[in-house]
2 protein chains.
Amino acid sequence: MDALKDLAEALGPRFTTSESARAQNARNEAHFPDAMPDAVVWPETTEDVALTVRTCAAAGIPITPLGVGSSLEGQHLAVKGGVSLDFSRMNKVRAVNAEDLNAVVQPGVTRTQLNDELRATGLFFPIDPGADASLGGMAATRASGTMAVRYGTMRENILALEAVMADGTVIRTGTQARKSSSGYDLTHLLIGSEGTLGIITELTVKLQGQPEATAAATCRFDSVEDAVNCVILTIQCGLPMARIELVDEMMVHGFNEMAEAGLPEKPHLFLEFQGTPTGVTEQAAMFREIAEDFGVQDWKEATATEDRTALWKLRHGAHYATAAIRPGPQFRTLATDVCVPISKLAEAVTTAQDMARKMGVICTIVGHVGDGNFHCGVRFDPDDPNEVQTTQDFAGKLAELALTLGGTVTGEHGIGLGKQKYMSAEHGPALAYMRAVKAAFDPQGILNPGKLLPPGN
Amino acid sequence: MDALKDLAEALGPRFTTSESARAQNARNEAHFPDAMPDAVVWPETTEDVALTVRTCAAAGIPITPLGVGSSLEGQHLAVKGGVSLDFSRMNKVRAVNAEDLNAVVQPGVTRTQLNDELRATGLFFPIDPGADASLGGMAATRASGTMAVRYGTMRENILALEAVMADGTVIRTGTQARKSSSGYDLTHLLIGSEGTLGIITELTVKLQGQPEATAAATCRFDSVEDAVNCVILTIQCGLPMARIELVDEMMVHGFNEMAEAGLPEKPHLFLEFQGTPTGVTEQAAMFREIAEDFGVQDWKEATATEDRTALWKLRHGAHYATAAIRPGPQFRTLATDVCVPISKLAEAVTTAQDMARKMGVICTIVGHVGDGNFHCGVRFDPDDPNEVQTTQDFAGKLAELALTLGGTVTGEHGIGLGKQKYMSAEHGPALAYMRAVKAAFDPQGILNPGKLLPPGN
């Protein structure tokens, strides 16, 4: 392709068609087959991105943005070939505006990198998906994590974006002010659009002050139902939990296998309280009072920073610990991601467990249950058609259940490749308006083709 | 127009062309000339709205939605004639899902009506613009108010919408779950779109638990600069203020004139603290410690419910109290609405005061300063071309200043008729993508024509 030659010439060492680089970006941590791009571009500036897009647009070549490649629905896979736009070199924190509680970052900055750079400021960035994802990728998939129950998701934590659109135009959305009623909300239209409407090249993210005091705790329950009902009541009482995470017995087994966690293999809640020292004590006491009614046992507090860090590191390793329940490189993990109204959470989780048992599905359950969001991590053999079918059936039934309960098929992983089949059921006639936006913004369909929108009209 | 006859027949008493009804919806509380619609429709159901839109779409007749008509940028004025779609009869609270902390409402429900209906539940809806606005109108203009500093704006407090689109299609966006990564964020695209992309016919709004304890307070400062610097430090320290409102000396004068408030005519802050009883005491003490550094005086707490209610009723009357500084039916009020990063707030407010003095502009200043948002309420004589020009110049210079400081021309009132002239300066190349959305969703341009987007391409 002549366009690729043009790119090679214009970008020099920031462009390659080498097999190894392409193969690296062809992989994923979920269950999708590898997908080779024709070339890899490592932009270093917004202008590099704009030039790449302009060149590709002229030749109709697909462009698929990639952060660290930790997406769980294949969003970064170049399934139609073309250019893999790899943001690993656009990884600068451009500004930390401590006075305004925000930071301006390039999309390749990861969440832990940003927090490392913030350490001296007394501020932090709260959104924490399991992986050390890039902030651009997190914005593009509308990611969240364990602290969304307190601080919101990427949707609530981005003030402004810079993006390169399908013809190479660079736009800025939002401002540095904390709110605005000026015009259509293009910031939120781009957040969660998975690189299909525009390519994010800079983000202004909100920061939070480090709380004066933090305390973490773990506790166990006899049943998932008890644990979930405890969560429901906690949220309904308005307790400002910083984290409230469900870990089912199989997930605990995974943690024990992966990290010798030494936890009793029963459903657990992992908790964090933040506030003033008095506030934290008050919150923990209120939580324990609620939890007593659900037969809480094994209350263990972790106040030292290293203990808390170890706890959340364990929790963030859930995807890898899930692998440990059925080890072996031949197996893959499909992670479901339904999110339901909190009042329906116990029903959703127990139904998921029942279904898994009846269908013979091997899975962990872990969840940001304060938001009504939980993941079943299903281990399956991709070379066994029966297992593949059963896994897909299980995920499909769970998606259907979530919609029946007034929820969504994806709380934080996005649609990507794996959930397009549920788009029509979830959105009905609204889907046509999503297609209309796509057609208006990317008429050639070169931005991350094959993602988010199902084929057809 | 035949289409209007069709509507008259189909809608019966829910349709009128009577002069008095049209004249009532032609008025506004801001400074815009009256604008008569050709007809008024009072829908009672989503199907009434869909039928009206289908009929108007077939004949190319404009449709302008109206809540209670309290918008400050003329959003509800039928400047191109056609149908005024008056939501005053779609005013039912459809469901209060206390367990899920949300309510499903029709767009004509007002904020105080919803809170009255919530009283027995221990929950409340926190967004409170000055007027007792309709929730549909508040969503359409991305409104906020005094508690946005704690609870966010309409942008952060809507889970799901039902809307009638330009061809009469009814869509649903979002779900009852607290978060979702499923598809393009049409909910946020509609919030703030001022009825130009679709007409909101139902909203699911988030509710908050009534705090255990609440305390309000007022205090005064020698200068606006001291007051604002106190606010800046308070926000930067992460104190979770429920309300922190600036009232300048002229605004206090207005309150004294309107309501015999008996306050010393100096800059004040109006405050509210919410939390546990201990938390509220802690917060108030921390605030006072900060405020001491800025020479705070006249600290007055209001803990009794009736005292707090009286305080916030006074504050919410700012638009009317502004009229009291220059009384007379011949004068109008132009309310500016800039919002800047908090670090630039002192500069913005003092520059506004200096400009007003130098230009001979008579205005109050009042603001949701915890968000960096403040209003200059300029009283002027619409029949005096010099005053009109000076008022417009003042507003223009202030808008320019806000953009220079990294802010926005409107924090919560929206664009409507009055701020289109700043759209290009604020959004640059992004404006073309707003136009693209409008063209894709409403190719005939029948939904609230003449609003939000400036004329041209």
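## Salt bridges and the A–B interface

Between chain B and chain A there are four salt bridges, a salt bridge being a side-chain nitrogen of Lys or Arg within 4 Å of a carboxyl oxygen of Asp or Glu. One of these contacts joins A:Lys179 to B:Asp371, at 3.3 Å from N to O.

This is a predicted model, in which local features need pLDDT of at least 70 and side-chain atom pairs count only at pLDDT 80 or more, while totals for chains, interfaces and linings use all residues. Residues are numbered from 1 along each chain as its sequence is written, chains are lettered from A in the order in which they are written, and side-chain values use heavy atoms, without hydrogens and water.

**Interface.** Contact (heavy atoms within 4.5 Å) involves 74 residues of chain B and 74 residues of chain A. The buried area, meaning the accessible area (1.4 Å probe) that two parts lose on being put together, summed over both, is about 6,000 Å², with 58% from carbon and sulfur atoms. B:Lys179, B:Tyr184 and B:Tyr433 supply 17% of the area that chain B buries against chain A, more than any other three residues.

**Salt bridges within chains.** Over all chains the structure holds 36 salt bridges. Three pairs are tabulated.

| Pair | Closest N to O distance |
|---|---|
| A:Glu44 – A:Arg89 | 3.8 Å |
| B:Glu73 – B:Lys419 | 2.5 Å |

B:Glu73 lies in the loop between β3 (63-66) and β4 (83-86) of chain B, and B:Lys419 in the loop between α14 (385-404) and α15, 346 residues apart. Helices (H or I, at least four residues) and strands (E, at least two) are DSSP runs, numbered from the N terminus. Relative accessible area is 4% for B:Glu73, which is buried, and 6% for B:Lys419, also buried; buried means under 20%, exposed over 50% and partly exposed in between (1.4 Å probe, protein chains only).

A:Glu44 is partly exposed at 38%, and A:Arg89 is partly exposed at 32%. A:Asp116 is partly exposed at 47%, whereas A:Arg119 is exposed at 63%. A:Asp128, A:Arg243 and A:Glu272 are linked in a network of salt bridges.

**Helix α3 of chain A.** Residues 46-59 form this helix of 14 residues, which reaches 20 Å from its first C-alpha to its last, close to the 20 Å expected at 1.5 Å a residue; the expected span is 1.5 Å times one less than the number of residues. Its buried residues include A:Val49, A:Val53 and A:Cys56. A:Gly60 follows α3(A) and has a positive phi, near 70 degrees.
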